[in-house]
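Q: Please take a close look at how one part of this model is packed. Then set it beside another part, step by step.

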Amino acid sequence: DFVNLEFKIDNAPFRQQCRGKQARVDGFQWIGINEVAFITSHGVELYTAFPEKKSFKLVKYYSVTVNWFVFSCKKNVLLLSSGASCNTIHPYWFKPGSITRTPKFDVDLPLSATGQTKPKLLERDVTLASLYNSLYVVVVKSWSKMVGGAEIVLYLLSKDSPARIASVLKLDMTGRFAINVVDNLLLVHHQASKTSVMFDIRWDGESAASSSYTIHHPVVSPLPIASCSVLESFSSEAGKMKEIQCETYSPNWVVFQPNIVIDAKLGCLWEVSVKLEPLVTMMTDKARLVDFLLLRTDCRMVILSVCKQALVPGRQCSLQTIARVFDKLNTVFRDYMQGIQPLDHRRGSYSFRTPDSKECPSNVIGPSDMYTHVLTIFESSSLKSQNYKFIVAVLIEYIRSLNQHNIQVMYVLYELLIKTLVGNQCFYQLHQFIQYHVLSDSKQLACLLLSIQVEYPPAYQIALDMLKRQSTADAEIIDILLSKGQVLQALRFARGVGKED
């Protein structure tokens, strides 16, 4: 039965029967404003509604014996189950005015102990999940006879080809499970242990032997959902409230996609989210941790905190690990800049500034972010006692990574490096870095070298040579020579470059 709710249209109820007289209506789904799909025991029927006429027109009908169905509202995709074991899945894709049917596929079921019967695939064990812009049929296999515990199988859905197994998630537990999707992470809630595990199908995995799918294990060990409480009135007097602690993993919980949990008894609804900060201490391999964080939507400050911790004495990582992290961050930054900004052919590099835009992804971390939030730790008085060789090595690795990814190096990085070298009397090393162009020529760098000529007299000539290599620094060279009282040398240089006037 249907009722028009739109103003100025007759709101008397009207009815539409399904196509099969003996069919049982299992459910319906609105596909659009005036399009509705009936799911019956005999198949699926798509109708267009005409509210003014109080009538429907059959657009498309597919016949199949249906046990149960699963529907994704966001993707407008329907799964129908058929077969004695309910394991034959029929996918249907809806778009305005049409249905597209893709090839059916069978979900593998284990044989019983006698080897003669199979368990039935239940509706509660199947859901649709969108991960990294791809749609998957998620099947929980948690039968008691399974060796090695339960597992989750992800079938990749496509409009153009049959579904195929893409990933298998190992749970190493048995019992009842429920699934949420948060930030492209698959969260699996386990009622018996009152814990949840987290999977990322893009972050890590191992190829299955003689198979095309990937096997994944939880990102971290099982953890409980944070407890919460609600306020409830306990008196007839206004404002008399008491706090009630909510039972997590309650039998009254009902889970909806992508990240909704409802407690039917309490009448409460929650959205599940993932806090990234605690993972920093849970995952010891910081390079793999950064790989994981780069796939999240709100990760910039967490990644920067990881990088900063990697430089702190007592918690610092190896130089090899730090270099890997730098390369990962600069690869993402370069790839993003390639899409929004042409290469500066004069410098042969991309700008060091992180684009100041709300559309800039959180995982795009440029040199300006790295210097402001991480490398300035080397200027802190609390780290003055740190091994200067480590500081120099970190700065050189970051400069190396920037150059390797064609990203412009900020002058302040050179300044920090030179101050560290000069402060520790490492003049020969500084000379080597300039001679072999580890430090790129610039007017700013030449001026900085001039400022240290008292501590290191050869810096004066090194600065002049650097300015000579700059085609636009003739005036500065003449000023420097005149400031030193070298009038004749200044005149000769001016005549040589045609600056007599």
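A: **Helix packing, then the sheet**

α6 and α7 cross in a left-handed way; that term applies when the near helix is turned anticlockwise from the far one by less than a right angle, and right-handed when clockwise. The model is predicted: local features need pLDDT of at least 70, side-chain atom pairs count only at pLDDT 80 or more, and totals for chains, interfaces and linings use all residues. Residues are numbered from 1 along each chain as its sequence is written, and side-chain values use heavy atoms, leaving out hydrogens and water.

Helices (H or I, at least four residues) and strands (E, at least two) are DSSP runs, numbered from the N terminus. The axes of α6 and α7 come within 10 Å and cross at roughly 155°. Axes here are lines fitted to C-alpha atoms, for helices over the stretch in contact, with angles from 0 to 180 degrees between N-to-C directions. The pair is therefore roughly antiparallel, the class for angles over 145 degrees; under 35 is roughly parallel, 65 to 115 roughly perpendicular, and the rest oblique.

Which residues meet? From α6 come Y388, I391, V392, L395, I396, Y398, I399 and L402. From α7 come L413, Y414, L416, L417, T420 and L421. Contact means heavy atoms within 4.5 Å.

Next comes α8, residues 427-435. F427, L430, F433 and I434 are buried there, that is, under 20% relative accessible area; exposed is over 50%, partly exposed in between (1.4 Å probe, protein chains only). These residues cover an arc of only 120° around the axis, which puts them on the same side of α8. The arc is that of the directions from the helix axis to the C-beta atoms. An α-helix has 3.6 residues a turn, so residues three or four places apart point the same way. The buried residues of α8 pack against α6 (388-404), α7 (411-423), α9 (443-450) and α10 (459-468). After α8 comes H437, with a positive phi near 60°.

Now the sheet. It is open, has 6 strands in the order β10-β11-β12-β13-β18-β17, and its pairing is mixed. Strands pair if DSSP finds at least two bridges between them. β10 (126-131) and β17 (206-207) are the edges; each has a single partner strand, so one side of each lacks a neighbour in the sheet.

β12 (151-156) and β13 (164-170) run antiparallel over 6 bridges, with V153 opposite V168. β13 and β18 pair in the parallel sense over 3 bridges, and L169 has H216 as its bridge partner. β17 and β18 (214-216) are antiparallel, joined by 2 bridges, with S207 partnered by T214.
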